[in-house]
Protein chains: 4
Amino acid sequence: MTERIGFIGLGSMGFPIARNLLKAGYELHVYNRDPRKAETLVADGVRQGLHPAEVTEAGGIVMTMVSDDTALEQVTLGPDGLLEHLGPGGVHISMSTVSPALARHLADLHAEKDCSYVAAPVFGRPEAAEAQKLWICVSGAGAAKERAQPLLQAIGQGIYDFGEDPGNANIVKLCGNFMIASAMEAMAEALTLAEKNGIDRCSMMSMFGQTSFSCPIYQNYGKMIAERRFTPGFQMRLGLKDLNLVLDAAEDAKMPMPFASLVHDRLLSGIAKGKGTADWPAFTLLVSEDAGL
Amino acid sequence: MTERIGFIGLGSMGFPIARNLLKAGYELHVYNRDPRKAETLVADGVRQGLHPAEVTEAGGIVMTMVSDDTALEQVTLGPDGLLEHLGPGGVHISMSTVSPALARHLADLHAEKDCSYVAAPVFGRPEAAEAQKLWICVSGAGAAKERAQPLLQAIGQGIYDFGEDPGNANIVKLCGNFMIASAMEAMAEALTLAEKNGIDRCSMMSMFGQTSFSCPIYQNYGKMIAERRFTPGFQMRLGLKDLNLVLDAAEDAKMPMPFASLVHDRLLSGIAKGKGTADWPAFTLLVSEDAGL
Amino acid sequence: MTERIGFIGLGSMGFPIARNLLKAGYELHVYNRDPRKAETLVADGVRQGLHPAEVTEAGGIVMTMVSDDTALEQVTLGPDGLLEHLGPGGVHISMSTVSPALARHLADLHAEKDCSYVAAPVFGRPEAAEAQKLWICVSGAGAAKERAQPLLQAIGQGIYDFGEDPGNANIVKLCGNFMIASAMEAMAEALTLAEKNGIDRCSMMSMFGQTSFSCPIYQNYGKMIAERRFTPGFQMRLGLKDLNLVLDAAEDAKMPMPFASLVHDRLLSGIAKGKGTADWPAFTLLVSEDAGL
Amino acid sequence: MTERIGFIGLGSMGFPIARNLLKAGYELHVYNRDPRKAETLVADGVRQGLHPAEVTEAGGIVMTMVSDDTALEQVTLGPDGLLEHLGPGGVHISMSTVSPALARHLADLHAEKDCSYVAAPVFGRPEAAEAQKLWICVSGAGAAKERAQPLLQAIGQGIYDFGEDPGNANIVKLCGNFMIASAMEAMAEALTLAEKNGIDRCSMMSMFGQTSFSCPIYQNYGKMIAERRFTPGFQMRLGLKDLNLVLDAAEDAKMPMPFASLVHDRLLSGIAKGKGTADWPAFTLLVSEDAGL
């Protein structure tokens with residue numbers, strides 16, 4: 001017999017994740033700020049709630065996938081927030097990319113109510129979410145992580161456990177996004193140098209994607225950047241949000257991250273030039289512009 | 001019937017390459033500045049010459065794998081250099097990591113003598129050279145590249161052609177080294193942030209090596225950097241040489257490469273602090289030092 | 001007949017400012033979190049209050065000089081804060097280096113109570129404050145600035161008006177601190193290059209201080225940095241606070257400030273290495289360390 | 001009785017310097033690659049030579065003010081170069097901004113011929129040269145510097161001695177140009193932040209020029225940068241040349257200079273965007289562009 005799961009946040013990532021949970025046999029009770037996003041799910045018989053509290057069952061499981069710290073605070077702690085209704089024994093599986101500081105703070109508040117906060121941020125773009133190919137980092141209390149396990153298995157292709165500290169899975173997620181952004185800048189600088197020497201951008205990138213850099217990040221983003229063809233996916237302004245989370249975490253940890261500062265500045269400049277809603281690898285266009293191309 | 005090949009430069013890369021050519025049935029005539037490096041080859045019956053000219057046959061093939069621009073100029077143009085003896089129809093396969101500017105200049109000088117210069121820089125560390133697993137970029141005149149083909153197949157696992165411009169294979173090689181160095185810095189910044197949050201460096205790096213960054217560069221260098229265990233391979237001062245070639249090429253192309261400048265500065269600082277002979281990923285220790293670790 | 005002025009914050013800057021107001025004939029009513037800092041003033045007959053509200057007179061003038069945004073919020077809006085008691089017609093002259101965002105927010109809250117917030121951040125170290133040699137930037141409502149004028153004249157050597165927007169004087173103050181920090185980094189890089197070439201640091205700096213850079217910042221900080229002799233003044237952790245305010249303002253304004261990011265990183269690294277309480281030009285020691293000195 | 005002086009290089013700096021020497025009563029024998037630049041001097045009775053050697057007297061004094069290392073090598077060592085004719089006891093006063101490495105190399109070659117090389121690079125734009133207001137750094141052998149003294153006094157307002165090492169005056173000159181360029185970037189970042197907050201650029205810069213930064217560099221360049229009005233003076237491509245000399249010297253000294261790298265990149269990017277012949281503070285326009293202005 002399957003559990004009923006509360007599911008909050010039906011954006012470009014949350015929506016395909018919710019669908020995979022349905023496919024796996026879970027009964028969902030969904031909430032999204034803009035209710036129209038739920039229409040096709042409702043047409044398939046899914047129940048929709050009017051606010052986070054309504055989709056949260058006492059002692060049950062609620063999953064959240066929202067856009068930033070503010071949104072997560074809102075659905076968790078705001079009026080009709082989920083925390084009030086989750087109660088003893090409940091588990092909140094939080095998949096959003098948020099600050100480790102917020103994750104730690106929310107985990108404390110959940111503990112006060114005898115329920116648990118499991119950080120479970122994911123790697124993968126919407127296509128990967130749809131294909132059940134997400135990579136998931138988890139951290140939090142052991143029992144709660146165990147309860148989250150089957151749900152996470154239904155939506156991803158691998159789960160990596162980073163211990164009890166609820167902030168740690170978010171640190172790892174931020175590290176990953178930072179490394180991805182750094183790879184983009186590095187590819188763009190290399191491709192511009194190649195282009196200025198008359199070398200075909202796509203040929204060079206294709207070679208690297210088959211040899212030393214034969215991994216998804218370099219293959220997929222490398223192709224986009226080489227072709228300068230950016231499909232809508234993850235907006236630059238969200239990329240900037242993530243880089244700010246990285247730099248905030250670095251400030252807390254008392255360490256400079258010069259590559260992170262540099263990529264942050266590219267994103268900020270891209271937004272200043274009106275590209276904020278473009279897909280985030282589009283910041284690499286600034287590398288070409290600086291080169292007079 | 002096999003050709004006799006002149007082979008110049010028996011360092012940590014040249015030596016295993018020469019051995020693989022022997023294994024493939026080629027007869028070699030070798031030269032190395034320090035003749036002792038040739039001893040084991042000579043014991044196996046290989047002929048050794050006293051200077052580059054001596055191992056170069058008129059109209060034949062000569063391969064070079066030396067440490068930098070100066071050394072390549074020396075063996076090619078210096079007294080008893082190879083170019084004087086290579087003559088019409090000869091092919092010089094140049095595998096060293098040198099400046100595109102030098103490659104272009106040497107190609108012109110070869111053309112004046114009716115022989116050919118093929119740029120064929122390789123990717124891979126000494127272990128890869130030994131295992132015949134190098135990736136090779138080539139550029140130069142078509143007929144000469146064709147003649148070089150079987151030799152390159154005997155030492156590598158893949159050959160990528162970047163056209164006629166003899167400088168282009170070197171540009172691609174420099175782009176690769178730059179991207180590798182950038183990946184190292186990015187990994188080090190991420191690992192330091194993780195470490196400062198109590199996350200195990202190796203666990204995090206291992207996850208990335210299995211997921212978004214499942215490619216040799218991140219897996220191999222990632223392990224070294226996470227463990228802070230640097231085996232002798234490619235010295236930091238050589239890494240600095242390469243980054244200077246990158247920045248010189250960027251200057252010629254009129255483009256800033258801020259990641260390259262930053263990694264250059266790490267290497268320069270590492271050398272200033274007395275680490276010049278350490279393996280080049282050791283520059284990432286400076287990321288920890290800046291963080292007070 | 002002189003007004004009685006509320007004065008909040010008797011730190012290394014506030015104390016000498018308060019004394020100059022006394023000298024100019026103003027009657028002060030002072031408050032400081034640590035009451036012992038007021039002892040010598042009390043011995044001279046100054047009245048001391050137990051909390052900000054107590055030193056604030058309805059419709060009067062209250063001056064604040066505290067360490068950061070949090071402290072200013074505390075004394076203004078906290079329990080027994082000054083705003084509740086300032087009331088219609090009152091003027092709050094805020095000399096602290098705080099974020100433009102907070103200045104604008106506080107100005108709105110003051111306006112709601114029919115009183116005024118004048119931003120009046122100052123340039124100068126404690127010695128300058130003592131010598132009545134501060135430079136003062138002001139912004140805010142015209143009438144309130146006029147009422148502040150004689151007090152500011154009593155403590156500084158020049159007042160510069162940056163209009164009505166209460167955040168603007170703070171922007172200018174942050175710009176100044178940023179330019180000072182950048183000058184320090186530039187001097188340190190130049191001095192290290194000179195030192196490594198056997199040139200005497202002090203001779204070179206002295207020349208620049210007499211010629212192209214004959215101004216207080218280069219003369220005074222230049223001497224400290226050249227001699228590597230840092231007298232306690234303004235701690236590195238406060239310098240970092242200011243650079244963070246600069247970078248936050250740049251984020252709001254959507255613009256990269258690469259020099260600011262770099263100096264920020266120096267300060268962060270200096271603090272990570274345990275130098276947080278040293279005088280802030282001490283971050284330039286990291287330039288020497290990076291050079292292996 | 002006055003000496004006859006050889007004078008080589010009548011560009012925007014050399015021309016007004018030569019005129020001041022004439023005014024001071026020196027008899028000049030001039031050479032310039034483009035002979036037309038000497039026309040007005042010739043009209044005033046000055047003798048003109050056809051090549052550097054012709055204006056050089058055995059055992060005499062020859063002054064050079066040319067555009068870069070290549071030009072200085074050319075006029076000194078090239079065919080009909082000055083060194084062959086300077087001979088025992090001669091003094092070469094070299095005012096160009098060149099690499100310390102070249103200065104040291106040329107000094108050695110002069111010593112071999114029993115003559116002396118005095119490095120005497122100058123600070124000041126053409127207007128300052130005209131007004132006899134240059135600041136001059138000297139280094140080299142003591143007796144030669146003494147002989148140079150009255151000539152340098154005739155063209156500058158102050159002479160600073162940096163010892164015997166002929167490279168040192170050039171190091172100091174490069175340090176100065178680097179500090180000037182850094183000040184420009186810092187001003188531009190500050191001004192852009194101010195502008196984005198609605199603060200008048202000129203008012204802010206004028207305040208700093210009257211207070212903490214009351215020195216020529218901040219006053220003069222500050223005004224240009226604030227007004228975005230760049231009068232032809234010293235081209236960006238020459239600024240880039242100087243920053244490359246700085247970075248080369250830093251490489252030799254084994255030290256990173258991150259501010260220098262950053263300013264170098266601004267100049268390189270400015271040139272890539274077609275601004276190479278604009279006055280060098282024009283690189284600050286890129287700060288505005290990055291901010292979307």
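Which residues of chain A does UniProt place in the feature "domain: 3-hydroxyisobutyrate dehydrogenase-like NAD-binding"? The unreviewed UniProt entry puts this feature at residues 167-280 of chain A; UniProt positions are given in the numbering used here, feature names are shortened, and annotations may be inferred rather than shown by experiment. The span is 74% helix and 0% strand, and its end C-alpha atoms lie 25 Å apart. Helices (H or I, at least four residues) and strands (E, at least two) are DSSP runs, numbered from the N terminus.

This is a predicted model, in which local features need pLDDT of at least 70 and side-chain atom pairs count only at pLDDT 80 or more, while totals for chains, interfaces and linings use all residues. Residues are numbered from 1 along each chain as its sequence is written, chains are lettered from A and ligands numbered from 1 in the order in which they are written, and side-chain values use heavy atoms, with hydrogens and water left out.

## Chain A and chain B

The contact between these chains takes 59 residues from chain A and 58 residues from chain B, where contact means heavy atoms within 4.5 Å. Together the two chains bury about 5000 Å², with 78% of that on carbon and sulfur atoms; buried area is the accessible area (1.4 Å probe) that two parts lose on being put together, summed over both. Within chain A, the residues A:Met179, A:Leu193 and A:Phe259 supply 15% of the area buried against chain B, more than any other three residues.

Across this interface there are zero salt bridges, a salt bridge being a side-chain nitrogen of Lys or Arg within 4 Å of a carboxyl oxygen of Asp or Glu. The rule does find 13 residue pairs in polar contact, both residues being at pLDDT 80 or more. A polar contact is a pair of N or O atoms within 3.5 Å; within protein, one must be able to donate a hydrogen and the other to accept it, and residues adjacent in sequence count only if both atoms are side-chain atoms.

On the side of chain A that touches chain B, the elements giving two or more residues are β8 (134-138), α9, α10 (201-210), α11, α12 and α13 (258-272) of chain A, and the largest share, 19 residues, comes from α9(A). By class, this side divides into 40 nonpolar, eleven polar and eight charged residues, where Ala, Val, Leu, Ile, Met, Phe, Trp, Tyr, Cys and Pro count as nonpolar, Asp, Glu, Lys and Arg as charged, and the others, Gly among them, as polar.

One residue of chain B gives a local view: B:Thr211 lies in the loop between α10 (201-210) and α11 (216-227) of chain B, and leaving aside residues up to four places away in sequence, B:Thr211 touches A:Trp135, A:Tyr160 and A:Pro216. With 1% relative accessibility, B:Thr211 counts as buried (buried means under 20% relative accessible area, exposed over 50%, partly exposed in between, with a 1.4 Å probe and protein chains only).

## Chain C and chain A

Here the contact takes 16 residues from chain C and 16 residues from chain A, and the two chains bury about 1100 Å² between them, 61% of it on carbon and sulfur atoms. In chain C, the residues C:Glu251, C:Lys254 and C:Leu268 lose the most area to chain A, together 46% of what that side buries.

## Salt bridges

Side chains of opposite charge can pair when their charged atoms come close.

| Pair | N to O distance |
|---|---|
| A:Arg228 and A:Glu195 | 2.7 Å |
| C:Lys241 and C:Asp242 | 3.4 Å |
| C:Lys273 and C:Glu289 | 2.8 Å |

A:Arg228 forms its salt bridge with A:Glu195; because A:Arg228 lies in the loop between α11 (216-227) and α12 (236-253) of chain A and A:Glu195 in helix α9 (residues 168-196), the pair ties together parts that are 33 residues apart in sequence. A:Arg228 is partly exposed at 31% relative accessibility, and A:Glu195 is partly exposed at 26%. In chain C, by the cut-offs above, C:Lys241 is buried at 19% and C:Asp242 is buried at 2%.
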